[in-house]
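Trainee: Hi! Could you walk me through this structure, one piece at a time?

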Amino acid sequence: MRIAESLRVNAVGHLEIGEVDTVHLAREYGTPLYVLDEEVFRANCRRYLCSLGPGNRAAYAGKALLTLAICRICQEEGLYLDVVSAGELYTAVKAGFPPERLYFHGNNKSLQEIEMGLELGVGRFVVDNFYELELLEERARALGKKPAILLRLTPGIEAHTHEYIRTGQLDSKFGFPLATGVAEEAVRRALSSPHLELVGLHCHIGSQILRLEPFQEAARVMVAFAASIRRKTGWVMEELDLGGGLGIRYTAEDDPPAIEDYVQAILRAVEEACQEEGLPLPRIVVEPGRSIVGPAGITLYTVGAIKEIPGVRTYVAVDGGMADNPRPALYQARYEAVLANRMLEPPAVEVAVAGKCCESGDILIPAIKLPRPQPGDILAVFATGAYNYSMSMNYNRLPRPAMVLVRGGEVDLIVARETLEDLISHDRVPERLWK
Ligand SMILES: Cc1ncc(COP(=O)(O)O)c(C=O)c1O
Ligand SMILES: N[C@@H](CCCC[NH3+])C(=O)O
């Protein structure tokens, strides 16, 4: 039985991903365990590249999930990479990712990060504010470099998504606002610098967006702005980076546009707007994170304590929770799950899946129908590839889970499970406290 792109149920009623039995994975690698389907990840990269066509670019947004192995796959697939910190930059470079294919983001890059980017020769600095513009210009001058930059603008688009992951509206910590004339001032400042090369403009309106209109609207607003700048200064936008944000299906109710439809929609919107404005067509860049890696991942947990409160609710606790997936606690994000070892049994009870952190809000799934869970069952939560491992934490001193990559029946460990020793490895005890 096939239940999704890469998920199947095998003859013994176990969930398989990438032709690997998840119950065997749980036994061999322990739980919680992040499992990533390499074929799904690669297929999504290719869908972007094929629909964008030659000349345009897809820069995978590393904040969704970045490890050395992920960088290697992105490079093999011909993607660019969007990084937002020294840590992500370091990961990419350590994986051998070509620095000239990096887009360096961040709304408060430190001096050290700016120097690191300049010294490594990142392909693009995506400059977020005047403070950064000045810092970058000064360091570029001092180091004798002339970095290529994009300016991140906030186009004033209200995307229909959770307010914590909305970024395109005027009231945002990111970018130069278009509405107030600040964006034009930023362009003028960048153009007047002999140490910076202004290549283009960037915007990112938010994440987990399930409709095409906000993206098309953003494209139109950006092109109109570029056209007005051209009329005033003669500068021609060579590159237009429209960020990421395409949503994915977390539950049966989500109905995201296909990658191909999303790309076509923005290409067409840019083309039409450029034609109207008499502007040459820029190179288009997109920065998808979630829509590449989200659907490729699942998380396996082991069921432990079960608490039935008659007439109220049954809590089924698993051996992970908000420490490995903070999204439900942060954004009321919803997920679907199955008992991976009992796939042939029909749902029998409605339960709440609770995590093991000392927080009442540590509920992974508030209500889900499952076969009556037993301690030792393996719970598989779907669509956890994006913003799970990358946002995981050590609250309650829980070690971060391991991650495996599966493909055609093969399994590779790509992130080792943290150990208890890892947890104390950065602690230091002043001599006097041992006495
Ligand atoms: C600048 C920028 N680019 C790309 C992304 C990736 O977004 P998503 O994972 O929704 O595609 C983000 C995160 O929302 C972002 O802030
Ligand atoms: N972390 C968010 C997405 C934010 C993207 C960063 N701009 C999420 O899990 O949905």
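Mentor: Before we start, one term: domain bounds here come from an automatic or database domain assignment. This is a predicted model, where local features need pLDDT of at least 70, side-chain atom pairs count only at pLDDT 80 or more, and totals for chains, interfaces and linings use all residues. Residues are numbered from 1 along each chain as its sequence is written, while chains are lettered from A and ligands numbered from 1 in the order in which they are written.

Trainee: Thanks! Which domains is the protein chain divided into?
Mentor: Domain 1 covers 7–37 + 295–424, and domain 2 covers 105–287. Taken over C-alpha atoms, their centres are 36 Å apart.

Trainee: And how many residues of each are in contact?
Mentor: Eight residues of domain 1 are in contact with seven residues of domain 2. Contact here means that the C-beta atoms of two residues, placed from the backbone, lie within 7 Å.

Trainee: What are the residues like on the side of domain 1 that touches domain 2?
Mentor: On that side of domain 1, six are nonpolar, none are polar and two are charged. Ala, Val, Leu, Ile, Met, Phe, Trp, Tyr, Cys and Pro count as nonpolar, Asp, Glu, Lys and Arg as charged, and the others, Gly among them, as polar.

Trainee: New topic: strand β7. Which way do its residues point?
Mentor: In β7 (residues 80–83), Tyr 80 and Asp 82 point one way, Leu 81 and Val 83 point the other way, and all are buried. Strands (E, at least two residues) and helices (H or I, at least four) are DSSP runs, numbered from the N terminus. Buried means 20 or more other C-beta atoms within 10 Å of a residue's own, exposed means 12 or fewer, and partly exposed is in between, with C-beta atoms placed from the backbone.

Trainee: Which strands is β7 joined to?
Mentor: β7 runs parallel to β6 (residues 57–61), joined by three bridges, and three bridges also join β7 to β8 (residues 102–104), again parallel. Two strands pair if DSSP finds at least two bridges between them. In β8, Phe 104 is the bridge partner of Val 83.

Trainee: How does the chain cross from β7 to β8?
Mentor: The chain goes through helix α4 (residues 86–94), making a right-handed β-α-β crossover. Right-handed means that, with the strands pointing away from the viewer, the path from the first strand over the helix to the second runs clockwise.

Trainee: What does UniProt annotate as "binding site"?
Mentor: The unreviewed UniProt entry lists Arg 290, Arg 327, Tyr 331, Glu 359 and Tyr 387. They span 98 residues in sequence, and the farthest two C-alpha atoms are 26.7 Å apart, so they do not all gather at one spot. UniProt positions are given in the numbering used here, feature names are shortened, and annotations may be inferred rather than shown by experiment.

Trainee: Is Tyr 331 buried, exposed or in between, and why?
Mentor: Tyr 331 is partly exposed because 16 other C-beta atoms lie within 10 Å. Tyr 331 is found in helix α11.

Trainee: Where is Gln 332, then?
Mentor: Gln 332 is in the loop between α11 (327–331) and β17 (337–339). Gln 332 counts as exposed because it has 11 C-beta neighbours inside 10 Å. Gln 332 has a positive phi of about 50 degrees although it is not a glycine.

Trainee: Last one: what kind of peptide bond joins Thr 31 and Pro 32?
Mentor: A cis one, with omega about -10 degrees. Pro 32 sits in the loop between α1 (22–29) and β5 (33–37).
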